[in-house]
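Dear colleague,

I am passing on to you the structure shown below.

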Amino acid sequence: NLTRLISPRDFVEGHVLDVKALLESKLLDFPAMDLGSGAGVPGLLAAIVRPDPWVLAESERHKAEFLFRIARELNLTSVKVVADRGESYLVDHEVHTVVARAVGTVEKIYGWLRERSTWNNLVLMKSTGWEAEWKTFQETKWGRELQIERTTEYRVGAEQKYRIIVRLERVPRGTSLMTLSERFFCQSIKFESDVPVSASLLPAEKGELAVLAESSSHGPLRAR
């Protein structure tokens, strides 16, 4: 089976509205790859609505054949179907955005893509449970290699089911992300001085916080 949603209403609420939200989110840069495209959601449906360049990566042969047939019959010239794993395609090809929907956790997906330098950002289509999934990822050995750039939240259907689209970007090598405690400290620290002070707060070695401040000789810098 390509999809379990067979009634028109279920298909619209379960697939079409998600694709609509993705296109309206402005979280995509093209060309984009639909990782584990399956029945073509979101990539194939998105290409039907708008002729942006998509790569539909699907390693299961019968699903890839379906995608190729539909793209050919609808004359979707902006769509390229790849009957292979997405990370294999990325060895020799470049995309700006990798999109993943219902193919695994962020830890699993990043594990597939981590060694490829041919993609810029990762867009995940998630629902309830995303916050816990992201927290779990941050506690892994790769947890500081990705950061959330932007998100879009919305609800679908009569039951108002929660959805979130998350755009992740790689943290440049040599840069460390602040822990939650470090972020809190940066937001809550207050400086007192008789003259204007410019301060930068950067994570130091061993998770400590280095406070680097520049002050004139008019008076000492005090923190509270």
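Please note that this is a predicted model. I begin with Phe30, whose relative accessibility is 22%, so that this residue counts as partly exposed. Buried means under 20% relative accessible area. Trp54, by contrast, counts as buried, because its relative accessibility is 1%.

These two residues belong together. Phe30 and Trp54 form an edge-to-face aromatic pair, with 5.8 Å from centre to centre and 75 degrees between the planes. Since Phe30 lies in the loop between α1 and β1 (32-35) and Trp54 in strand β2, the pair ties together parts that are 24 residues apart in sequence. In the whole structure, a search finds six aromatic pairs. There is also one aromatic cluster, formed by Tyr110, Trp119, Trp130, Trp134, Phe137 and Trp142. Another aromatic residue, Trp112, has the charged end of Arg85 sitting over its ring, 5.0 Å from the ring centre.

A cis peptide bond joins Phe30 and Pro31, with omega at about 5 degrees, and Pro31 lies in the loop between α1 and β1. A cis peptide bond also joins Val41 and Pro42, where omega is about 15 degrees. Pro42 has its place in the loop between β1 and α2.

I turn next to the interior. In soluble globular proteins, nonpolar side chains tend to be buried together. The largest nonpolar core here has 26 residues, and those with the most contacts inside it are Leu22, Leu28, Trp54, Val99, Val123 and Ile165. At least two residues of this core come from each of α1 (8-25), α2, β2, α3, β5 (121-127) and β6 (146-156). A second, separate core has 25 residues, including Val98, Tyr110, Trp119 and Leu122.

Which residues does Ile165 touch, once its neighbours within four places in sequence are left aside? Its contacts are Ala21, Leu22, Ser25, Leu27, Val123, Leu124, Arg150, Thr151, Thr152 and Tyr154.

Helix α3 deserves a separate description. It covers residues 61-73, 13 residues in number, and reaches 18 Å from its first C-alpha to its last, close to the 18 Å expected at 1.5 Å a residue. Its buried residues are Lys63, Ala64, Phe66, Leu67, Ile70 and Ala71. Seen down the axis of α3, these buried residues fall within an arc of 155 degrees, and therefore they line one face of the helix. They pack against α2 (43-49), β2 (54-57) and β3 (79-82). On the face of α3 turned away from the buried side are the exposed residues Arg61, Arg72 and Glu73.

After α3 comes Asn75, in the loop between α3 and β3. Asn75 has a positive phi of about 55 degrees although it is not a glycine. Is Asn75 buried or exposed? Its relative accessible area is 57%, so Asn75 is exposed, the cut-off for this being over 50%.

Gln160 is likewise not a glycine, yet has a positive phi of about 55 degrees. Its place is in the loop between β6 and β7 (161-170). With a relative accessible area of 43%, Gln160 is partly exposed.

With kind regards

Technical notes
Residues are numbered from 1 along each chain as its sequence is written. This is a predicted model: local features need pLDDT of at least 70, side-chain atom pairs count only at pLDDT 80 or more; totals for chains, interfaces and linings use all residues. Side-chain values use heavy atoms; hydrogens and water are left out. Helices (H or I, at least four residues) and strands (E, at least two) are DSSP runs, numbered from the N terminus. The expected span of a helix is 1.5 Å times one less than its number of residues. Buried means under 20% relative accessible area, exposed over 50%, partly exposed in between (1.4 Å probe, protein chains only). The arc is that of the directions from the helix axis to the C-beta atoms. Contact means heavy atoms within 4.5 Å. A nonpolar core is a set of buried Ala, Val, Leu, Ile, Met, Phe, Trp, Tyr and Cys residues joined through side-chain atoms within 4.5 Å. Rings of Phe, Tyr and Trp (its six-membered ring) pair if their centres lie within 6.5 Å; planes under 30 degrees apart count as stacked, over 60 as edge-to-face and the rest as tilted. A charge sits over a ring if NZ of Lys or CZ of Arg is within 6 Å of the ring centre and within 35 degrees of the ring normal.
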